[in-house]
Amino acid sequence: MAGGAIALSVALLTSCDVVIEDDASSSTSPSSGASGSDSSGSGGGSGSSGSSVYGVLPLTNPDGTKRGLAPVTAEADKKASRELIETVPTARAGSGASYDRKKFGYAWQDTAEGIPFAGNGCDTRNDILARDGKDLKYREGSDCVLISMTLNDPYTGKEMEWRKEAAAKVQIDHVMPLSYDWRMGASRWSLAKRKQIANDPINLVAVDGPTNGSKGDSGPADWLPPREEIHCAYSTRWAQVALKYELPVTAEDKATMLETCGG
């Protein structure tokens, strides 16, 4: 993993796995480190720190432990995002014929080592729901399994009331889809590394389920969130994931990513 590359740059289902298995690997251990998982939530509007009800700017959240994605609006931030995206290498996509979600490990497992939130006793899905939601309510006797929350979805701009009985209403998007990763080089990785990218919070965001379903395994050239205001933040997060895991993107996707940030 090239964690140093992303730190240096900052200093300057497929994606829509509709797997809602959030009980089997959950315990009553607290979801330690899930930033923004208090019941009051964080952000109530844009602030000087670049935060909003949708989250924080990706460039100020290089490990993905803070909430969601805030729109990139300042010209200086857009310039920094373009500089980051420019460092992402390009390549032609390989074949996805042998892709299987299971090759990235059991969905939402807590056992991927070397990434934030891993090994905290809560499965990845609940960690991300807790990170991105507000007004959190947990199942009785558990500090992991959420039964309700409110989500400000960065992809659509909607405020959503979520209940566990309708779990698929909110899905966890792999920003850089796993099948895309596979075609760009993850097919040659160890299982341990594939588990990391599948559960790494830098590559995950809680969003509206149907919107995530429309994405499939598309790259930015073929799919962007419906809310145009979030496009640059989305592209920036793609670049952060690609650099951390030393993956290229297609030339078409890179061009679109730059364009979303004013390039």
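Biologist: Where is the place of Arg-131?

Modeller: Arg-131 sits in helix 3. Here, helices (H or I, at least four residues) and strands (E, at least two) are DSSP runs, numbered from the N terminus. Before you go on, know that this is a predicted model: local features need pLDDT of at least 70, side-chain atom pairs count only at pLDDT 80 or more, and totals for chains, interfaces and linings use all residues. Residues are numbered from 1 along each chain as its sequence is written, and side-chain values use heavy atoms, with hydrogens and water left out.

Biologist: Does Arg-131 count as buried or exposed?

Modeller: You look at relative accessible area: buried means under 20%, exposed over 50%, partly exposed in between (1.4 Å probe, protein chains only). Arg-131 has 1% relative accessibility, so it counts as buried. Here's something else to find on screen: Arg-131 and Pro-201 are 70 residues apart along the chain, but their C-alpha atoms are separated by 9.2 Å.

Biologist: And for the protein, what percentage do buried residues make up?

Modeller: Buried residues are 57% of the 263 residues. The protein has eight helices and seven strands.

Biologist: How do I read the faces of a strand, say strand 6?

Modeller: In a regular strand, side chains alternate between the two faces of the sheet. In strand 6, Val-170, Ile-172 and His-174 are on one side, Gln-171 and Asp-173 are on the other, and both faces are covered. Five of the five residues of strand 6 (residues 170–174) are buried, so it's largely enclosed by the rest of the structure.

Biologist: Which strand does strand 6 pair with, and over how many bridges?

Modeller: Two strands pair if DSSP finds at least two bridges between them. Strand 6 pairs with strand 7 (residues 204–208) in the antiparallel sense, over five bridges. One place to look is Asp-173, which stands opposite Val-205 in strand 7.

Biologist: Now the open sheet: in what order do its strands come?

Modeller: The order is 3-4-5, three strands with antiparallel pairing. Strand 3 (134–138) and strand 5 (159–163) are the edge strands, since each pairs on one side only. From one strand to the next, the twist averages 10°.

Biologist: How many residues lie between strand 4 and strand 5 in their hairpin?

Modeller: Six residues, and in that turn Gly-157 has a positive phi of about 85°. Strand 4 (residues 146–152) and strand 5 pair over five bridges. Thr-150 stands opposite Glu-161 in strand 5, while the bridge partner of Leu-151 is Met-160.

Biologist: Which residues other than glycine have a positive phi?

Modeller: Phe-117 is one of them, with a phi of about 75°. It lies in the loop between helix 2 and helix 3, and at 9% relative accessibility it counts as buried. Glu-246 has a positive phi too, near 55°. You'll find Glu-246 in the loop between helix 7 and helix 8 (251–260), and with a relative accessible area of 55% it is exposed.

Biologist: How do I describe two helices that pack, like helix 2 and helix 7?

Modeller: Two packed helices are described by the angle between their axes and the distance between the axes. Axes are lines fitted to C-alpha atoms, for helices over the stretch in contact, and angles run from 0 to 180 degrees between N-to-C directions. Helix 2 (residues 75–86) and helix 7 (residues 231–244) pack at an angle of about 35°, and their axes are 9 Å apart. Contact (heavy atoms within 4.5 Å) involves Lys-78, Ser-81, Leu-84 and Ile-85 of helix 2, and residues of helix 7 including Cys-232, Ala-239 and Leu-243.

Biologist: What do the buried residues of helix 8 pack against?

Modeller: They pack against helix 2, helix 4 and helix 7. Among those buried residues are Met-257 and Leu-258. Just after helix 8 comes Gly-262, with a positive phi of about 90°.

Biologist: And which elements does helix 3 lie across?

Modeller: Strand 3, strand 4 and strand 5, running at about 45° to strand 4. Helix 3 (124–132) is also among the elements that the buried residues of helix 5 pack against. In helix 5 (residues 191–199), the buried residues include Lys-193, Arg-194 and Ile-197.
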